[in-house]
Amino acid sequence: MGKYFDMLMEDVRLKEGLTACMNCGVCTAVCPAAGVYNYDPRQIVSIVQMRDDDSIEELLKSDTIWYCGECMSCRPRCPRGNTPGYVIQALRTLSQKLGFFVESEKGRQQLALKRAIGDNILRTGYCLTPRNIRPELHPEQGTVWKWIIDNDEQIYGRYTDAYGKEGAGALRKCSDQTLDEIHKIFEITGGKAFFDTIEHYSDIKAREMGFDGADEDYFMEVYTHNSNQHY
Amino acid sequence: MKRSSWTDYQKEIADDNYYYARSCIRQNFFPGSEKVFLDIVGRDLGRNIFDDPKHTSCTGIGYHSDVVPLETIMTVVARQFALMSEAGYENFTSSCITSFGIYTELLATWEEFPEMEERTREYLYKATGREFTKPKNLAHTSDVIFHHREEIARKAKRKLINTYTGEPLKVVEHIGCHYAKIFPKKGVGGSEFPYVLAGMVESWGGEIVDYPERRHCCGFGFRNYLVQANRGYSITNSHKKLESMAPYKPDFIVCNCPGCSMFLDKWQYTIAEMEGTTYGQNGAGIPVLTYEEMAGLVLGYDPWELGMQMHQVDVEPLLDKMGVEYDPTAKYLGKNGRFLGRPQKALVNSCIEEAIYKTSNRR
């Protein structure tokens with residue numbers, strides 16, 4: 001009893017985010033995710049503060065912890081100064097460290113996020129760059145975005161001399177030294193190991209699901225599949 | 001409480017000498033806004049600002065997608081602070097609301113848990129040989145514009161006035177959750193009555209629209225947009241806001257956060273394509289501006305030099321109301337002056353009778 005709670009308490013966000021919840025439900029009332037999904041942050045905080053290992057493990061393996069949008073609208077509203085969004089961050093981190101995230105549809109999406117955002121940080125120094133917002137994967141970006149991507153050098157060139165090149169300006173290329181420093185930071189602080197953990201458990205799960213490991217097909221499956229069982 | 005309560009939440013904003021940190025989202029979708037911010041601060045206001053080619057993303061989108069660990073983002077942020085001090089600056093200004101939230105959160109965490117700051121110092125030194133000093137002043141770039149809003153008003157070439165009627169333009173302001181919901185004391189006006197954009201609008205002649213879902217999230221939700229399967233969350237929350245504001249007939253929306261600017265623009269396109277609904281007047285969308293674009297128009301900048309052709313919702317109806325003179329043919333020119341062709345047509349800009357927003361049709 002309390003093993004997972006103790007592990008969660010190693011995360012400063014849980015120390016900051018959870019003192020003693022009185023279950024008033026204000027967080028749920030204001031939560032954008034609760035308006036979309038079958039989701040109740042009040043219940044999550046309640047389960048965590050009960051410290052029951054079986055219930056927390058169930059949570060760590062569930063879709064539930066992946067619904068939150070981390071907007072933190074809950075934070076200024078809580079009359080007890082709790083932050084359910086911080087509790088979620090701690091749960092998500094632990095779920096990935098223990099490999100539990102692959103047990104849920106929404107959790108498995110972490111592979112897509114690691115590859116789309118995480119790898120892009122290491123490759124470019126930015127979370128996103130124009131050419132990785134591909135119109136075919138982002139139809140909601142509309143007709144103007146397609147026009148921009150088709151003419152990117154001409155359009156960005158109106159606002160920056162450094163598009164894809166070194167030097168000051170928007171969308172400049174980060175120098176090799178800068179990227180080398182970022183890589184070293186990720187190595188030393190555990191960022192790369194965390195990426196490897198996501199890849200490792202995703203690969204095992206992908207094979208269980210009949211894929212040839214966590215390949216492009218598995219990526220597209222977790223990126224696009226919606227069972228519609230979340231509402 | 002109520003309208004004047006924003007005055008209880010004041011923050012110190014440096015007057016000069018800024019170290020500028022770019023935003024992943026703003027530079028992708030609104031590169032003209034980043035350019036004009038530097039032009040306004042450096043040229044129009046005569047302040048010193050440094051655009052450093054050495055900094056990177058703060059990695060905040062990765063952090064809030066839960067793939068970048070806390071210790072990692074702390075050390076990346078520490079590197080940004082080290083670059084600031086190495087360049088001889090102590091006032092840090094961030095072009096991104098996610099980053100601004102990250103910086104405020106990490107500075108507060110280091111205050112609360114000094115051992116984490118110590119560990120970050122060790123990590124940074126080991127990884128890069130750098131050492132950092134915390135900023136003396138931390139501001140979002142909108143704070144900087146807010147701080148100088150009266151000086152901008154004195155230099156104004158145009159006001160936020162409907163030139164057809166002589167009435168103030170009706171403006172929806174959207175702050176972005178991470179500006180003040182994480183640390184209300186670090187945002188002008190706090191989280192309940194944020195004043196950073198409202199102050200600009202009022203100083204420049206416009207009128208703020210108060211509507212029920214004014215403080216609701218735009219719907220980014222990080223993983224809830226970034227993963228295609230989850231985008232129903234994102235559009236649902238933008239839809240909620242647009243439905244709530246439409247009956248007030250706003251002339252435009254101005255956003256603090258680059259992500260919110262993009263979502264409130266792009267989801268209008270998607271809703272129009274899916275449902276045939278538009279939220280502006282006469283069957284058009286509601287133009288969505290960044291505060292840099294709003295300041296730029298007030299100061300007399302050309303809309304295409306501000307990059308407003310990169311919006312999905314056409315801005316011409318607003319430009320016409322404001323009396324902005326512009327060359328329609330220059331909208332689609334590239335950097336070498338060549339015509340690039342036009343984007344495909346979209347219902348959100350069609351102004352057809354069937355797309356006109358009618359409250360009587362709403363649930």
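I am reading a predicted model, where local features need pLDDT of at least 70, side-chain atom pairs count only at pLDDT 80 or more, and totals for chains, interfaces and linings use all residues. Residues are numbered from 1 along each chain as its sequence is written, chains are lettered from A in the order in which they are written, and side-chain values use heavy atoms, with hydrogens and water left out.

**Entry 1: domains of chain B.** I looked up the division of chain B and found domain 1 (13-142) and domain 2 (148-361); such bounds come from an automatic or database domain assignment. Their centres, taken over C-alpha atoms, are 26 Å apart. I noted 35 residues of domain 1 of chain B in contact (heavy atoms within 4.5 Å) with 36 residues of domain 2 of chain B. The two bury about 3000 Å² between them, 70% of it from carbon and sulfur atoms. Buried area is the accessible area (1.4 Å probe) that two parts lose on being put together, summed over both. In domain 1 of chain B, the residues that lose the most area to domain 2 are B:Phe30, B:Ile97 and B:Ser142, together 21% of what that side buries.

I then checked charges: the rule finds two salt bridges across this interface, each a side-chain nitrogen of Lys or Arg within 4 Å of a carboxyl oxygen of Asp or Glu. B:Glu151 and B:Arg47 meet in a salt bridge at 3.6 Å, N to O.

**Entry 2: sheet in chain B.** I found an open sheet of four strands in chain B, ordered S6-S5-S7-S8, with parallel pairing. Strands here are DSSP runs (E, at least two residues), numbered from the N terminus, and two of them pair if DSSP finds at least two bridges between them. At the edges I have S6 (207-208) and S8 (288-290) of chain B, each pairing on one side only. S5 (170-174) and S7 (252-255) of chain B pair over four bridges, and B:Val171 stands opposite B:Phe252 in S7(B).

**Entry 3: chain A against chain B.** I looked up this contact and found that 83 residues of chain A and 97 residues of chain B take part. About 7500 Å² is buried between the chains, 58% of it on carbon and sulfur atoms. On the chain A side, A:Trp147, A:Arg158 and A:Tyr159 lose the most area to chain B, together 11% of what that side buries. I noted six salt bridges between the chains. B:Asp66 forms a salt bridge with A:Arg92, their closest N and O atoms being 2.9 Å apart.
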